[in-house]
Amino acid sequence: MRSSLKLLALGLCIISVWHIAAAKLEEKFAWKQLIFDWPSAEAEQQAIRSGHYVVENNLPLGVERWQDKIFVTVPRWKAGVAATLNYIDLSTTEKSPKLRPYPSWEANKLPIDVQPQDQKTPSGGRLDAEKAKDAGVELRDNSTIISTFRIQVDQCDRLWVLDTGLADILGSPKQITPNAILVFDLKTDKLLRRFTIPAAQTKEDTFFANIVVDSERSECNDAFAYVPDLGAYGVVVYSFRDNKSYRVKHNFFHFDPLQGDFNVGGVNFQWTDGVFGLAVGPMQPDHSKDIYFHALASTKEFKVSNRVLQNESHVTGGDSYYDFKYVGDRGMNGQSTAEVYDKETGVLFYTQVNKDAIACWNVKRPYTADTQGLIDSDSHTLVFPNDMKIDTEGTVWVLSDKMPTYLYKELDPSTVNYRILMGKNRDLIKGTPCEM
């Protein structure tokens with residue numbers, strides 16, 4: 001009897017800490033393997049024969065929505081990626097639609113020949129990969145995108161793309177072009193700007209895989225982009241108006257050595273990834289905003305005012321250490337790849353990769369275990385939720401992709417591996433502490 005009461009108390013305790021939402025995410029798209037909208041069947045066959053398209057090497061990673069387009073990124077982890085920046089027409093009725101390269105096939109074409117390696121699956125992920133060799137290529141077209149992980153649409157109908165310039169990361173890595181920020185006008189599909197991140201702002205272990213934009217529709221020229229360096233523990237701040245960037249360092253950008261162990265989809269691995277997830281918080285009465293951030297190999301959340309990040313002399317001058325604040329801890333197995341703030345509900349949504357889950361926190365509340373809600377958890381559809389966004393209609397979009405299996409083992413082409421899920425913000429937080 002006593003043991004039964006203990007179990008009941010434990011169950012009530014768990015329920016009180018993780019209030020689970022009534023609504024679940026709905027599967028919008030799903031693929032066993034990615035397929036592309038080639039110019040012709042002959043073009044596809046030629047790409048397969050030449051090694052420029054190796055079906056199993058194409059893994060989706062980033063997601064974003066603008067009007068009738070869902071953008072999907074496919075980083076060049078391995079050789080044979082058809083196109084790195086793509087979109088799906090939302091009007092499609094297909095469950096596994098073909099990806100259309102953006103802005104064109106030509107812009108996604110590598111300027112050098114990169115052949116697949118004999119070894120299909122490397123012994124480890126990014127951390128075990130060789131150092132990239134500089135290919136020293138001059139691009140004929142600035143619209144060319146070599147390899148992108150994350151992208152973001154801002155309030156001025158511009159698509160911001162962080163191009164790593166890397167190809168065949170897990171095979172024989174080549175730095176085809178330097179890291180760069182590309183900005184496209186989504187109304188015309190034309191490139192507005194390509195900004196190369198200066199070599200002095202990168203380190204030996206630099207790995208840029210995310211970009212977060214801080215902008216207002218009324219002041220499009222005053223936009224800033226924040227680019228976290230998860231490999232060398234820094235953040236590059238880019239001013240659109242000044243067309244310049246600078247590197248910010250802080251202890252909070254580092255990983256937590258106690259939180260580097262992951263178990264996802266039956267794969268156990270260890271990562272040392274630092275600052276990765278970022279989100280632009282609500283506008284304060286003084287028109288400043290808090291920028292929330294966390295390392296991937298960590299369960300802790302931090303924040304800093306955008307006024308601090310945008311003041312180059314102050315934030316790089318050594319006097320800004322205490323401007324960065326500790327927010328709280330997500331608790332055991334709370335590692336997260338992505339987070340995004342929803343203006344409509346005042347909620348920060350974030351992924352939980354060790355829990356196959358999406359969670360939430362209302363920024364008006366303390367950041368503790370019992371003020372966070374579990375939106376959805378599914379060991380079938382949410383294995384490694386890699387990226388998430390919230391569109392202007394309040395729809396939450398999540399991309400899950402089983403990436404650890406892709407990196408360390410091999411994906412099964414006979415089963416669904418990649419999914420894009422969706423749900424309405426208010427429905428998803430109903431019944432959780434995130435609902436105010």
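The legends below describe close-up views of a predicted model.

**View 1. The largest nonpolar core has 47 residues.** Among its members, F36, W77 and I420 touch the most others.

**View 2. Surroundings of F36.** Leaving aside residues up to four places away in sequence, F36 touches Y53, N58, V74, A82, A83, N86, K98, L99 and W105.

View 3. In soluble globular proteins, nonpolar side chains tend to be buried together.

**View 4. The largest pocket has a volume of about 910 Å³.** Its lining is made up of 41 residues, and Q152, V153, Q155, Y341 and I390 are the closest to the pocket centre. Strand 20 (275–283) is one of the strands that supply at least two lining residues, as are strand 3 (63–66), strand 8 (148–153), strand 14 (212–214), strand 24 (339–342) and strand 28 (385–390). Strand 20 provides the largest share, seven residues. By class, the lining has 17 charged, 15 nonpolar and nine polar residues.

**View 5. The second largest pocket has a volume of about 650 Å³.** Of the 30 residues that line this pocket, L166, Q175, E204, D205 and T206 lie nearest its centre. The lining divides into 14 nonpolar, eight polar and eight charged residues.

Definitions and conventions
Residues numbered from 1 in each chain as written. Predicted model: local features only at pLDDT ≥ 70, side-chain atom pairs only at ≥ 80, totals over all residues. Heavy atoms only, no water. Core = buried A, V, L, I, M, F, W, Y, C linked by side-chain atoms within 4.5 Å. Buried < 20%, exposed > 50% of the residue type's maximum accessible area, 1.4 Å probe, protein only. Contact = heavy atoms within 4.5 Å. 1 Å grid on protein atoms, 1.4 Å probe; cavity = no way out; pocket = protein on both sides within 12 Å on 5 of 7 lines; lining within 4 Å. Points joined across faces, edges and corners; volume = space filled by probe spheres on them. Helix = DSSP H or I, 4+ residues; strand = E, 2+ residues; numbered from the N terminus. Nonpolar A, V, L, I, M, F, W, Y, C, P; charged D, E, K, R; others polar.
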